[in-house]
Amino acid sequence: MSGIVFEDVSKYYGEITAVKGLSLSVQEGERLILLGPSGCGKTTTLRMVAGLEKITSGILKMGGHVMNMVEPGARNIAMVFQNYALYPHMTVWENITFGLSIRKVPNGEIKARAEKALEILNLSGYEQRKPHELSGGQKQRVALGRSLVKQAPYFLLDEPLSNLDAQLRLQARTELVKIHELYRPTLMYVTHDQIEAMSVGQRIAIMNQGVLQQLDTPDIIYQYPANTFVASFIGAPPMNLLQGRLCDGKLRIAGCDIKPPAEWQNLLASHSELWVGIRPEHCRLSDNSLLRGRVEFTELLGSQRCVHVRLQGDELVLCVFPAEQSAIEGTVGISFSWEHVNSFDSHTGCNIGRPHVR
Amino acid sequence: MNLEEAEIRMASHKAQDQGEQILSNDAYIQYAAMIKNAAKHWRRTFCEAGSIWQPVVFLTPATLVLFVFAYWPLLQDVWLSFHLWNMISPAMKFVGLQNYFQLVTSAEFIKIITNTVLYIVVLLLVNFLLPYLLSFMMAHLLKRFSFFYRSALFAPSTVSLAVASILFLWIFNPLAGPLSILLSAVGLESPRWFKEPVLVVIVIGLIIGWKVFGYNLILLLSAMVDVPKELIEAARIENASDWQLFRYIIVPMTSSTALYVFVITIVFGLQYVLVPVNMLTQGGPDQGSTNLVYIVYQYGFVFFQTGKAAAFAILSMVIYALFLMLKTKVLDKKVHYEN
């Protein structure tokens, strides 16, 4: 019984809205990622769970109990801060055992737990170092160790990897997942990095401007984004969003008339204008094409190449991954298969759905 | 013939025309070149970066000022402490260590030392411990009105000690002062604040405290707000109480500033004593409010026993030096410096 439930939780700083009407439930032992651009309210949400921010309205339940007014120290949470918040005047050992000695855990127990944590985190031998004598990665592991020894049922992480370089981040990401698997606390993890979110999270909550946009598994979020914000936020390069107009059963995109398959007809019938979303990797360059455009430039992304195509009579830029061709120039044709298409209402931005999903 | 030489030649011709030539032409050129070389040598020795003389050149003015206004008077003071002299008589009588013996064996000596220690205790309470705790509360526990408290507590620092002394003379007036009126309202009789031993030290300590408190508070407050917010939040999450937070996080993190305030509280505090004591009690009752600093002034400029005043000055300097040595050897080791 250590789930976290938000019931219509809002947070205002005077006139400014940080989080608005958030309803969300985190399952026991789950890794939930809060993802969004900076200023979207994800850190505020995490800090409300920690008790470091007061909740303006709504109810926060942890383990079935209302926690709105409970002090941070009484919530039994472990938290890793973005800049680690290690006590600079204490050694690694003191940093890791500080919380336990405050809680008057017996000395033998403290020793056993701290030694285990140091071993797991590859920090044995660094016990007597001060934080300023450690590298960034080591500091990050000490911060993790400090939360680990607590064996708290709730594990909160606020952008824990953002101060590491790209290579260390990759390594720390997998370590983090392994550590979570060890004793499976309920984990809430704030990040603005979608790759991190996808690889660490079992479910992702995407927020924008204080409002929850979509809460689902990484897979579903990627394939069926709930709205245009999620569609353009997730994926790099992001999903192509093309303005479409429906007339006489034909979808007109950038001057090309496309006839949607029969099962789409009913779905699209009620929308005369909409956004059509196609992921770059689902676009193919082909002669038997649905759309035509002029190649603007080609970008190398390592394993793939990304071609930016300007469609006819339209400012939209489409991005496709060619198979093996090297030099791509001039006018090209682009095709896609309807099973990968998402369509969004042009007014609300919400996903209209897909024939076989609906 | 290069340009410089030509210049020199021209100058020498000019001099010749004016009938001022003392040296022959060639000798003149040699002489000028010598001076030029000397100047170059001088510039290389004293002015160019990396020369060992450069620091000497830069430090000399400050050293001279310090020597004239600090070290020379100090040496003079040591010399004076071996003499009897009333500032007027043309002859100074050499008495060796007599001044020191008299001062150590006199009845007032113990009193002066006790008073000094008592002042230190009062000053540390009012100007160190209290602002330390208050600055912690203002920085980390207070939710609002922080600006009001900061301004209100700092305001007295802008008032001169002489004004403060007169103000408190009136406040502590045992017959008509506001304090006595308050005390009599609850049926208590106001003590004669400036006439009772011990009490007078506490009251003067409070006057100094009233003035200096705000300044120390601001110093400590700046150290308190420098403690990163996350460290405090991390400790809060560990369920640390306010006291544990203060003891284990705040005190170590602010210890370098705290040590500085601790030292100036003692070193400056004892000197601040001079103004109110001189204005209000002249060391009385029966040397009950004097201290190591005031006694120097009193012997020198009230009793005109300059030898004894000098001896007291040397003694207080030795005590200060011992204190600062203790600070460097012991206290500095226990302090956490950021870098």
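Predicted model: local features only at pLDDT ≥ 70, side-chain atom pairs only at ≥ 80, totals over all residues.
At what angle do helix H13 (residues 292–301) of chain B and helix H14 (residues 306–329) of chain B pack, and how far apart are their axes? Two packed helices are described by the angle between their axes and the distance between the axes. Here the angle is about 165°, and the axes of H13(B) and H14(B) are 7 Å apart. An angle over 145 degrees counts as roughly antiparallel, and H13(B) and H14(B) are therefore roughly antiparallel to each other. Their crossing is left-handed.

Now look at the residues between this pair. From H13(B) come Leu292(B), Val293(B), Ile295(B), Val296(B), Tyr299(B) and Gly300(B), while H14(B) brings Thr306(B), Lys308(B), Ala309(B), Phe312(B), Ala313(B), Ser316(B) and Ile319(B). Sorted by class, the contact of H13(B) with H14(B) holds nine nonpolar, three polar and one charged residues.

Let us stay in chain B and turn to helix H9 (residues 199–226), which has 28 residues. From its first C-alpha to its last, H9(B) reaches 38 Å, close to the 40 Å expected at 1.5 Å a residue. The crossing of H5(B) and H9(B) is right-handed. In the contact of H5(B) with H9(B) there are 23 nonpolar and seven polar residues, and no charged ones.

Next, move over to chain A for another pair. The axes of helix H4 (residues 136–148) of chain A and helix H5 (residues 166–183) of chain A come within 12 Å and cross at roughly 15°. Angles under 35 degrees count as roughly parallel, so H4(A) and H5(A) are roughly parallel to each other. H4(A) passes H5(A) in a right-handed crossing. On the H4(A) side, the contact is made by Gly137(A), Gln140(A), Leu144(A) and Leu148(A); on the H5(A) side, by Leu168(A), Ala172(A) and Ile179(A).

Glu159(A) sits in the loop between strand E7 (154–158) and H5 of chain A. Its phi is near 45°, a positive value in a residue other than glycine. Further along, Pro237(A) lies in the loop between helix H8 (228–233) and strand E11 (240–247) of chain A. A cis peptide bond joins Ala236(A) and Pro237(A), with omega about -5°.

Finally, where do the two chains meet? Their contact takes 15 residues from chain B and 16 residues from chain A. On the side of chain B that touches chain A, the elements giving two or more residues are helix H10 (229–237) and helix H11 (242–272) of chain B. H10(B) supplies the largest share of that side, six residues. By class, the side of chain B that touches chain A has eight nonpolar, three polar and four charged residues.

Conventions:
Residues numbered from 1 in each chain as written. Chains lettered and ligands numbered in written order. Contact = placed C-beta atoms within 7 Å. Helix = DSSP H or I, 4+ residues; strand = E, 2+ residues; numbered from the N terminus. Nonpolar A, V, L, I, M, F, W, Y, C, P; charged D, E, K, R; others polar. Axes fitted to C-alpha atoms, helices over the stretch in contact; angles between N-to-C directions. Parallel < 35°, antiparallel > 145°, perpendicular 65-115°, else oblique. Left-handed = near helix turned anticlockwise from the far one by under 90°. Expected span 1.5 Å × (residues − 1).
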